[in-house]
Amino acid sequence: MERFLRYSLEHSRAIRMIWMEEGTLRQGKVYVEKLAEDCVQIYVLRPPRRLEIPIRDILSCDYTKDDEGID
């Protein structure tokens, strides 16, 4: 999972992420803006908003459609 977070941060590319937010399962395309040991700051594309979430609340990450991670 850290690989996808770093990929988004280092290459300014969106990734698909599934996370828990206030007890609700969320999924969306996000850009990672800052990565720390225990939390991550993301920009969610729809609806547009910025979040800081604990890494433990991230359930899954993947490349977006038509992105194979080669840059």
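Tutor: Let's start with a pair of side chains: Arg26 and Glu21 meet in a salt bridge, with 3.7 Å from N to O. This is a predicted model, where local features need pLDDT of at least 70, side-chain atom pairs count only at pLDDT 80 or more, and totals for chains, interfaces and linings use all residues. Residues are numbered from 1 along each chain as its sequence is written, and side-chain values use heavy atoms, with hydrogens and water left out.

Student: What makes the contact between Arg26 and Glu21 a salt bridge?

Tutor: The rule asks for a side-chain nitrogen of Lys or Arg within 4 Å of a carboxyl oxygen of Asp or Glu. Arg26 and Glu21 have 3.7 Å from N to O, so the pair meets the rule. By this rule the count comes to 6 salt bridges.

Student: Why is Glu21 called buried, and why is Arg26 called partly exposed?

Tutor: Buried means under 20% relative accessible area, exposed means over 50%, and partly exposed lies in between (1.4 Å probe, protein chains only). Glu21 has 13% relative accessibility, so it counts as buried. Arg26 has 35%, so it counts as partly exposed.

Student: What links Glu21, Arg26 and Arg49 in a network?

Tutor: Salt bridges link these three residues. Besides its bridge to Arg26, Glu21 meets Arg49 in a salt bridge at 3.0 Å, N to O. Arg49 is at 25% relative accessibility, so it counts as partly exposed. Strands here are DSSP runs (E, at least two residues) and helices likewise (H or I, at least four), numbered from the N terminus.

Student: Which parts of the chain does the pair of Arg50 and Glu33 link?

Tutor: Their side chains meet in a salt bridge at 3.0 Å, N to O. Arg50 is in strand β4 and Glu33 in strand β2, 17 residues apart. Arg50 is at 58%, so it counts as exposed, while Glu33, at 35%, counts as partly exposed.

Student: How do you know that the buried residues of α1 are on the same side?

Tutor: In α1 (residues 2-11), Phe4, Leu5, Tyr7 and Ser8 are buried. They cover an arc of only 160° around the axis, which puts them on the same side of α1; the arc is that of the directions from the helix axis to the C-beta atoms. The face turned away from this buried side carries the exposed residues Arg3 and Glu10. What covers the buried residues includes β1 (15-21), β2 (24-35) and β5 (58-63).

Student: What makes a set of residues a nonpolar core?

Tutor: Its members are buried Ala, Val, Leu, Ile, Met, Phe, Trp, Tyr and Cys residues joined through side-chain atoms within 4.5 Å. The largest here has 16 residues, and Ile15, Met17, Ile42 and Ile53 have the most contacts inside it. α1, β1, β2, β3, β4 and β5 each supply at least two residues of this core. Leaving aside neighbours within four places in sequence, Ile53 is in contact (heavy atoms within 4.5 Å) with residues including Met17, Trp19 and Ile58.

Student: Why is Thr64 called buried?

Tutor: Thr64 has a relative accessible area of 14%, so the label is buried. Thr64 lies in the segment after β5.
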